Amino acid sequence: RVVSATYIDNIVSSMGKKNNNYVFIKHYGRYSIDAEDAENAMAAHENIEVNYVHFANNEMVESYAPFLSIIKNCYEKHYNKLTIEEYLAKFDIYELHKSFLISYIERGECERYEPFILDEIKFEKKMMQESIANVIIALSKEHPMLIIIDNVHMVPVASIRLLKDLFDNPDNQNIGIYASYNDVKSVAGISKNEWNSFINAI
């Protein structure tokens with residue numbers, strides 16, 4: 001508890017003052033961040049939005065976790081007097097992806113009504129990633145946020161790319177990330193190169 005609190009205090013004290021307020025703890029099976037750590041962070045830093053997620057081997061993980069949930073939770077907590085459309089209009093979002101985010105905020109599921117064009121799938125993924133990153137950065141300017149992730153090595157590849165985008169963003173001063181990863185556990189093959197590139201970058 002004391003160790004987590006120290007890391008969190010250091011991250012929060014740097015937020016708003018400098019970029020890349022990331023602390024990633026590499027361990028070999030004897031370190032975890034739990035919900036109590038997040039609750040203590042909420043109590044100690046009431047002016048910070050604290051978001052906690054734990055990833056486990058036996059759980060299905062949605063793409064872009066935990067960032068879609070953060071966008072949904074911020075709407076429900078801070079912007080619920082707006083319609084969802086008015087809320088999303090505040091942000092730089094690729095037009096064809098607004099339906100994804102609207103349905104996710106409404107029902108927790110992403111739906112799209114426009115057809116996909118196979119030749120544009122790579123472009124669509126890029127724009128979705130940029131749209132989510134734009135929303136997270138914009139929200140953090142109004143509501144500084146600490147994102148706590150236990151077992152970050154289990155996040156999907158889309159989330160690894162998004163973490164890297166946020167790390168590279170020059171406006172990330174109001175985002176803090178405290179995460180743990182088990183260096184003994186293997187990362188899924190599809191994510192391995194992305195993961196190694198990200199860890200080397202931070």
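**Reading the model**

Guide: Let us begin with a polar contact, a pair of N or O atoms within 3.5 Å; within protein, one must be able to donate a hydrogen and the other to accept it, and residues adjacent in sequence count only if both atoms are side-chain atoms. Here a polar atom of the asparagine 174 side chain lies 3.4 Å from the backbone oxygen of serine 140. This is a predicted model, in which local features need pLDDT of at least 70, side-chain atom pairs count only at pLDDT 80 or more, and totals for chains, interfaces and linings use all residues. Residues are numbered from 1 along each chain as its sequence is written, and side-chain values use heavy atoms, with hydrogens and water left out.

Visitor: Where is asparagine 174 found, and which residues does asparagine 174 touch?

Guide: Helices (H or I, at least four residues) and strands (E, at least two) are DSSP runs, numbered from the N terminus. Asparagine 174 sits in the loop between α7 (157–168) and β4 (175–182). Contact means heavy atoms within 4.5 Å. Not counting residues up to four places away in sequence, asparagine 174 touches Met15, Gly16, Ser140, Lys141, Pro144 and Met145.

Visitor: In what order do the strands form the sheet?

Guide: Two strands pair if DSSP finds at least two bridges between them. The four strands form an open sheet in the order β1-β4-β3-β2, with parallel pairing. β1 (21–27) and β2 stand at the edges with a single partner strand each, so one side of each has no neighbour in the sheet. Strand β3 (residues 145–150) is joined to β4 by five bridges, and leucine 146 has glycine 176 in β4 as its bridge partner.

Visitor: Is asparagine 51 buried or exposed?

Guide: Buried means under 20% relative accessible area, exposed over 50%, and partly exposed in between (1.4 Å probe, protein chains only). Asparagine 51, in strand β2 (residues 49–54), counts as buried because its relative accessibility is 12%. Leaving aside neighbours within four places in sequence, asparagine 51 is in contact with Ile70, Met145, Leu146, Ile147 and Ile148.

Visitor: Which residues of α3 are buried, and against what do they pack?

Guide: The buried residues of helix α3 are Phe67, Leu68, Ile70, Ile71, Lys72, Cys74 and Tyr75. Elements against which they pack include β2, β3 and α7.

Visitor: How many helices and strands are there in the protein?

Guide: The protein has eight helices and four strands. Of its 202 residues, 48% count as buried.
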